[in-house]
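Student: Please take a close look at one part of this model and walk me through it in one go.

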Amino acid sequence: MIERYTDHAANERTFLAWIRTALALVAFGCVLAKFDLFLRLLAIQHAMPAHQSFASTSQVGILTVLTGILLIPVSYWRFCKVRTALNETKTMDIALAKVEGILTIVLIALCLAVFAVLLPAVTG
């Protein structure tokens, strides 16, 4: 039996949750990047002038994809740090407050950017 198996299993589940979040960001970013094409086609079909924020939708989508891609190595780094701490016999500090704080700020900024870009396109 693996020593501290439940702790290692919890660490792996947390790692997979981070990976799932990163993949969701990549998928959402791809949707946003293609959303401007949909808005342009809709404007052409209804003979409406093209809105200036269409291009910024794809830019926000690209930033969201890049955030998701950057989250993958960060999650692996966190997984390895916790695994090392679990294997050590001495007490270690594994807090990643700076990394998690930065990621939180980036995600909030991306959400605000998506809201700022899509609001004018929806309200007309």
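**Salt bridge count**

Tutor: The model is predicted, and by the rule for salt bridges the count comes to one. The pair consists of aspartate 7 and arginine 4, with the closest N and O atoms 3.1 Å apart. That distance qualifies because the rule asks for a side-chain nitrogen of Lys or Arg within 4 Å of a carboxyl oxygen of Asp or Glu.

Consider the two partners in turn. Arginine 4 sits in the segment before helix H1, which spans 5-45. The backbone at arginine 4 has a positive phi of about 60°, although the residue is not a glycine. Its relative accessible area is 38%, so arginine 4 is classed as partly exposed.

Tyrosine 5 is found in helix H1. With a relative accessible area of 43%, tyrosine 5 is likewise partly exposed. In sequence, tyrosine 5 and leucine 86 are 81 residues apart, while in space their C-alpha atoms are 9.8 Å apart.

To put the part together: arginine 4, in the segment before helix H1, forms the salt bridge with aspartate 7, and tyrosine 5 is in helix H1.

Key:
Residues numbered from 1 in each chain as written. Predicted model: local features only at pLDDT ≥ 70, side-chain atom pairs only at ≥ 80, totals over all residues. Heavy atoms only, no water. Helix = DSSP H or I, 4+ residues; strand = E, 2+ residues; numbered from the N terminus. Buried < 20%, exposed > 50% of the residue type's maximum accessible area, 1.4 Å probe, protein only.
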